[in-house]
Amino acid sequence: MASYTPPLGDLAFVLHDVLAVQDSAIPGYADLDRDTTAAILEEAGKIAAEVLAPVNSIGDREGCRLENGVVRTPAGFKAAYDTARAGGWTGLDLDPDFGGQGMPHLLNTAVGEMHAAANMALNMYWGLTHGAYNAIHAHGSAEQKRTYLPRMVAGDWTGTMNLTEPHCGTDLGLLRTRAEPDGAAYRITGQKIFISAGEHDLADNIIHLALARISGAPAGVKGISLFIVPKYLVNPDGTLGARNAVACGKLEEKMGIHGNATCVMNYDGATGFLVGEPHKGLRAMFTMMNEARLSVGVQGLAQADAACQGAAAYARDRLQGRAVTGPENPAGPADPLIVHPDVRRALMDQRAFVEGGRAFMLWVSVLIDQHARTADAAAEGLVSLLTPVVKGFLTDKGFEATVQAQQVFGGHGYTEDWPASQFVRDARIAMIYEGTNGVQALDLVGRKLGQDGGRHMMAFFEIVKGFLRENDGDPVLKADFLDPLKAASKDLQAATMYFAQTGLKDPNAALAGSTDFLHLFGHVCLGLMWARMARAAIGRDDDFHRAKLATGRYYMARLLPETALRLVRIQSGAEPVMALPAEAF
């Protein structure tokens, strides 16, 4: 069984020394003093380490079982879910009018990272509910909010997102699920696949948000509507009524996240209630989808951290070989793995990504709060621009980090006696769901770069330039942090210019380089975060801050230069990618 240590010290450093949230003018942030955030995060960390992590490997081994239409979750999941629910963790940042605690999204992100690192599969049950809640909160009627939201906030009921169909994944215009008017409701008929938490025994009711096409609706995405389809219909007094005609027909056999029920859902004339206007369902669903993409980025980061912790502990304890510079454990038969430079490289790759990614994710969460609490359009634009980077970069690199962690274990990492395999398998899905990372890259280059005349990309460049100008006189920062950041930012600017000059005449040239651009952008984001963290750590002579500077220097020297490689690939254009005819594959 893997142990998990919540990164409380690192979270406090980023929140208060790097982001200075206690000094922010964002409404609600004045309450985020060090004592308050420490108390909340310490309790969240206890839930992660003492409640969620102990059943993580059980969930992986046992998986879920479908018995007579009911999904049974693994042993210990129900008790762990009830503990999280009773502690209010399912409604931390939700509207107090519906029973939530009204905390900033920033805190929910920090808590979510720990909970996902401890047990990604279990955390998904209330993570998906959070997204369904927000879709109803933003687009539902007053009656729908009164009926569903308080019970979802409390965790008594959970929520899902039902988009994908057997023939229809990313291209939702192909959707076939039908909605026939039936008085004040609709009859929903069709099949959805890959529905996470679609059926389970953790809560009394499951509130499905399903996309369907009303009879006579326009073709394509313009004819899609969103419906609330509860597992049990809800009586006027709030009690549960009849079982609705929606059921799990099959559990998917998956590579990972075995403790989360991934279901085929059959809608056989189920009663559904329209959310918002007819044919406007995609807009409502994207409220949930965009939140999910950010949450998935957190999952990629979280699995990397959990895997990294295990790999570092193993490397300190496992004796193999001798250091090339002479024995470092002369009393023992061999030296620990961590003395070997290549093992140290793998551990530093992981650590530098995790700590940089954590700061990046928390900074984006501040921008989300800034928009939500002050209606700041510039913050909203930056969040829109950075969402595919959060989702795509953090999950690509997060999975890569879990594989590196597995490599540290050697042969033991390939067995189920150690936790490394589970982290690899669980992290892998994050690159696929909520829009594959290739789609995220296409969205970034094809839509987000040019959004509002490219204003948001220019705003990001100004943030980097402003930081460089403000700190140019710092000799400690300059060589190790500012100069590498400036070089990487120039690579990003050159790639952006290349797309601007070639994209319209040769769209394939832009799209062939889209994944490289997403990674280039991601590295610059983490480079900016590492420079900001270095500024906060300089002059503080203790183990934590010395380690922070050493890790930051590693990132800037060893990982950030990848931007130059990505730029060369982008500027090679479409020809190397598209030259081979389709029939040759």
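# Why is it called that?

Author: This structure holds 37 salt bridges. It is a predicted model, where local features need pLDDT of at least 70 and side-chain atom pairs count only at pLDDT 80 or more, while totals for chains, interfaces and linings use all residues. Residues are numbered from 1 along each chain as its sequence is written, and side-chain values use heavy atoms, leaving out hydrogens and water.

Reader: What makes lysine 192 and glutamate 165 a salt bridge?

Author: The rule wants a side-chain nitrogen of Lys or Arg within 4 Å of a carboxyl oxygen of Asp or Glu. Here the N to O distance is 2.9 Å, so the pair qualifies. It links distant parts of the chain, 27 residues apart: lysine 192 is in strand E5 (residues 185-196), and glutamate 165 is in the loop between strand E3 (157-162) and strand E4 (178-182). By the way, helices (H or I, at least four residues) and strands (E, at least two) are DSSP runs, numbered from the N terminus.

Reader: Why do lysine 192 and glutamate 165 count as buried?

Author: Buried means under 20% relative accessible area, exposed means over 50%, and partly exposed is in between (1.4 Å probe, protein chains only). Lysine 192 has 0%, so it is buried, and glutamate 165 is buried too, because its value is 3%.

Reader: Which residues form a salt bridge with aspartate 443?

Author: Arginine 447 does, with its closest N and O atoms 2.4 Å apart, and so does lysine 448, at 3.0 Å. Arginine 447 and aspartate 443 both sit in helix H12 (residues 437-448), four residues apart, or about one turn of the helix. An α-helix has 3.6 residues a turn, so residues three or four places apart point the same way. Aspartate 443 counts as buried because its relative accessibility is 13%.

Reader: What makes phenylalanine 13 and phenylalanine 544 an edge-to-face pair?

Author: Rings of Phe, Tyr and Trp (its six-membered ring) pair if their centres lie within 6.5 Å; planes under 30 degrees apart are stacked, over 60 edge-to-face, and the rest tilted. That rule gives 12 aromatic pairs. In this one, the centres are 5.4 Å apart and the planes are at 70°, so it's edge-to-face. Phenylalanine 13 in helix H1 and phenylalanine 544 in helix H17 are 531 residues apart. Phenylalanine 544, at 33%, is partly exposed, whereas phenylalanine 13, at 2%, is buried.

Reader: Why is the pair of phenylalanine 409 and tryptophan 418 called tilted?

Author: Its centres are 5.7 Å apart, with 55° between the planes.

Reader: What is the span of H17 beside the expected one?

Author: Helix H17 (residues 543-559) has 17 residues and spans 23 Å from first C-alpha to last, close to the expected 24 Å. The expected span is 1.5 Å times one less than the number of residues.
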